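Please take a moment to look at the sequence and the 3D structure shown here. Let us walk through the protein chain together.

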Amino acid sequence: MIHFKIYNSQNDLPDSWQALTTHDLFLQKPYLTAIENASPDNISWYYVGVFNAENLVGIAIIQRVQLYVEDIFRNHKDSCFQERVKHYVSKVLKGNVLVVGNLMHTGQHGFYFNYEAISERDFLSCIFDAVYQLKKDIKSSKGKTIRTLIFKDYFEDDSIHSYSELFKTNTFRKVSVQPNMIMPTHKNWNTFNDYQTSLNKKYRRRLKTARKKAGAIQKKELDLDAIEAHSELLFRLYKNVSDNARINTFILPKNHFYTLKKELKDQFKVFAYYLDGTIVGFYTLILNDKVLETYFLGYDSAHQYNHQLYLNMLYDMAEFAINNKFEHTVYARTAMEIKSSVGAKPKNMFIYLRHTNVLLNTALNLIFSLMNPTRDWEERHPFN
């Protein structure tokens, strides 16, 4: 008989969880341990195990996210129209949200099941039941009302869309969100010089200019002790970039990078950019099997333009992927144009969501189109 269990901590997960999730680090216990110990204050973690009799055949990660308008919208230079948009969006988003997936990272890192042991329809039906049960549990134990339910992030060709009637029956709406920027590692890229050679003249010149501007920058990987020693500075640099984002749903705690390094070890990398002995920028990577996942970064705005810190980080991420034989580099969403200039391609993504208020639920498509407007950006084509 198929049934589910809800767990409130990764410490309670069955031993079979790890064996089922070997393909995705974001579903494995070391990452879940780290993220529980260094999670944003407004995010709580829950886990669902789907069983066929006594055998674990599927899992899901669910986050309860407490959203506050002043934290989401931190860009103060807005028009009157934009302020009105914020007002209406706040009516929908404020309060508690349940997310099947990981709001802290782009991509479908929310569930997995054994196709040979359970059908996708039965698995999804079980997850719906678990979400509704968790919604009730949170209301009874914490007195919190869940206002919005979200399943995130799915590519256009993901099989979940074949079961759209399940989402319609449960009054979920399918909404397009900004694309994930992903760069495949070409088979003829054995070194970064091969990558450089494959660029057309314009973008080869752009790469050389960026490297020249970063000539005074020293780049160094930070070990666990160095991350701990520089945790305050890393947080300030991260916050500098985060605060300039148009929409934010969380703030990382100061111990986040240290805790991930402690638990993930060599699967988590922190690279710092030094100028005159001081860290002026950094970026982080998660090594997820054959996929290189770019993670959070930060920099000092005073040095960003002169040394093209951000563009150099994108190139360095690509170089790391090539040198270490990763099949893809996930650059995630945002800053699509500059990411496409180094070779990343946009892959459309969708979420399914439902508001508990019937009237607001009918307006979700409009509201998310206001939050995720189609930005005028030109995809670049840097290769010959």
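This is a predicted model: local features need pLDDT of at least 70, side-chain atom pairs count only at pLDDT 80 or more; totals for chains, interfaces and linings use all residues.

Residues are numbered from 1 along each chain as its sequence is written, and side-chain values use heavy atoms, with hydrogens and water left out.

**The whole chain**

The protein chain has 16 helices and 13 strands; these are DSSP runs numbered from the N terminus, with helices being H or I of at least four residues and strands E of at least two. Of its 384 residues, 52% are buried. Here buried means under 20% relative accessible area, exposed means over 50%, and partly exposed is in between, using a 1.4 Å probe and protein chains only. A contact means heavy atoms within 4.5 Å. Among contacts with a separation of 6 or more, 75% join residues 24 or more positions apart.

**Two nonpolar cores**

A nonpolar core is a set of buried Ala, Val, Leu, Ile, Met, Phe, Trp, Tyr and Cys residues joined through side-chain atoms within 4.5 Å. The largest one has 53 residues, and Y31, L222 and Y295 touch the most other members. Strand β3 (residues 55-67) gives the most to this core, with five residues. Which residues does Y31 touch, not counting those up to four places away in sequence? They are L25, F26, W45, N102, L264 and Y295. There is also a second, separate core of 37 residues, which includes L207, Y283, L292 and Y310.

**Aromatic rings**

Rings of Phe, Tyr and Trp (its six-membered ring) pair if their centres lie within 6.5 Å; planes under 30 degrees apart count as stacked, over 60 as edge-to-face and the rest as tilted. By this rule there are 30 aromatic pairs. Two of them are compared here:

| Pair | Centre to centre | Between the planes | Type |
|---|---|---|---|
| F128 and Y132 | 6.5 Å | 20 degrees | stacked |
| F167 and F172 | 5.9 Å | 80 degrees | edge-to-face |

F128 and Y132 are separated by about one helical turn because they are four residues apart in helix α5 (residues 120-142). F128 is buried, at 3% relative accessible area, whereas Y132 is partly exposed at 22%. In the other pair, F167 is buried at 1%, and F172 is buried at 5%.

K347 lies over the face of F155, at 4.2 Å from the ring centre. K213 lies over the face of Y305, at 5.3 Å from the ring centre.

**Loop residues**

Most residues other than glycine have a negative phi. Which phi value does A53 have? Its phi is positive, near 60 degrees. A53 lies in the loop between β2 (43-52) and β3 and is partly exposed, at 38% relative accessibility. T334 also has a positive phi, near 80 degrees. T334 lies in the loop between β12 (328-332) and α14 (336-341), and at 43% relative accessibility T334 is partly exposed.

Is D15 buried or exposed? D15 is exposed, with a relative accessible area of 70%. This residue is in the loop between β1 (2-7) and α1 (16-20).

Terms used. A charge sits over a ring if NZ of Lys or CZ of Arg is within 6 Å of the ring centre and within 35 degrees of the ring normal.
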